[in-house]
Structures are given as structure tokens and as C-alpha cells.
Amino acid sequence: MTYETLFRIRLPAIFGCLLLLVGCGDAPSPDPQDLSEPGEPRYDVVILDGRIYDGLGGEPVDADLAIDGDRIAAIGDFDAADATTVIDARGLAVAPGFINMLSWAVVSLIEDGRGLSDIRQGVTLEVFGEGWSMGPVTETMVQDILDLFPDYEFEVEWETLGEYLEHLEARGVS
């Protein structure tokens, strides 16, 4: 079994199990570790009234989603008082980030590191390198890159793939 096959099988299964575990029951149980005072927010973020898709292809669930730190804490029925930040997702989809397995954003991210074309579609991870790579590059390859993207104005300030990735990070791309 190849690494790609394992990744495709195991990642959705793990994510689905996590959603299943946190989504059991109609409402979250009180957390014995919750040290907040009554009336204080229990979560950092609550997304209200969204249609939650688990990424596994199953039917969506209309519910609220609570986030604590960088983790999904619970799925259930919450109100605005349960969170520091509240997002009204009425009429919107709530889903895990999507992976662009064939990203060609290697140059557009140099010009605008926000990656709006993908972010607005829910893409949170770009996988590069299909077809050609941004490093290592020779002087001839640098000219080929510049010729290939005449609509973009940038200088190739790297020689290795690692330097290219550091270049993107320096421009604010995570």
C-alpha cells in the first residue's frame, strides 16, 4: 500500500472519528476541567447555526461548533454567551479545510500571499511540485520561470526549494 493511499484512507477516517466522538449527544457535557466562572465564555469561538460537513461524504448536520484553542471542542447546541468570539454561519457550510493536491500557486503566492482564490474555496493546504519545482534552480531555470509568468513582477531570490519556502514565509505566507 502506498503512502498516498494510506494518507487518503487514514486521514479522513481519523477526522471522522474525532467528529463522531465530539459530536455524540445532543449537547456537550460539562467539562470537569472547565475552570471558567458561571456566565463566562467556555470556548474561544462558537460557530452558530452552520451546516457541518465532516469531510467524509456523509450527510451534513445542522448544529453549532465550539472551538477551544486550535481544536474542535464540541458539536451541539450553544449560544453566543458560550464563546469569546461568535460567528453566525446561518445558511453557510462549516467544513474542515480542503487540500489542493495539485497547486499551481507557486508564483501567485509570491505576488499575493493571501492565496484568496483557494482560501475562498476552503483550501487550507497547498501541495506543490507537480510538474516542476521552485528549487533547486539554475540561472537558465530562473529565466525560464520569469518567461513562463510574464504577468507577474518578481525576482527569483532563491536557489533551493528551502530558500523558496523561506522566501514565501518572509512574505507572510504560512
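So, exposed here means over 50% relative accessible area, buried means under 20%, and partly exposed is in between, with a 1.4 Å probe and protein chains only. Keep in mind that this is a predicted model, where local features need pLDDT of at least 70, side-chain atom pairs count only at pLDDT 80 or more, and totals for chains, interfaces and linings use all residues. Residues are numbered from 1 along each chain as its sequence is written, and side-chain values use heavy atoms, leaving out hydrogens and water.

Okay, Glu139: at a relative accessible area of 74%, this residue is exposed. Glu139 sits in helix H4, residues 139–148; helices are DSSP runs of H or I with at least four residues, strands are E runs of at least two, and both are numbered from the N terminus.

Now the strands. S1 (residues 43–52) and S2 (residues 61–68) pair antiparallel over six bridges, where pairing takes at least two DSSP bridges between the strands. Ile52 has Val61 in S2 as its bridge partner. S2 also pairs antiparallel with S3 (residues 71–76), over five bridges, and there Asp64 is partnered with Gly76.

What about salt bridges, meaning a side-chain nitrogen of Lys or Arg within 4 Å of a carboxyl oxygen of Asp or Glu? One of them joins the side chains of Arg51 and Asp62, at 2.8 Å, N to O. Arg51 is in S1 and Asp62 in S2, so this pair ties together parts eleven residues apart in sequence. Arg51 is partly exposed at 38%, while Asp62 is exposed at 54%.
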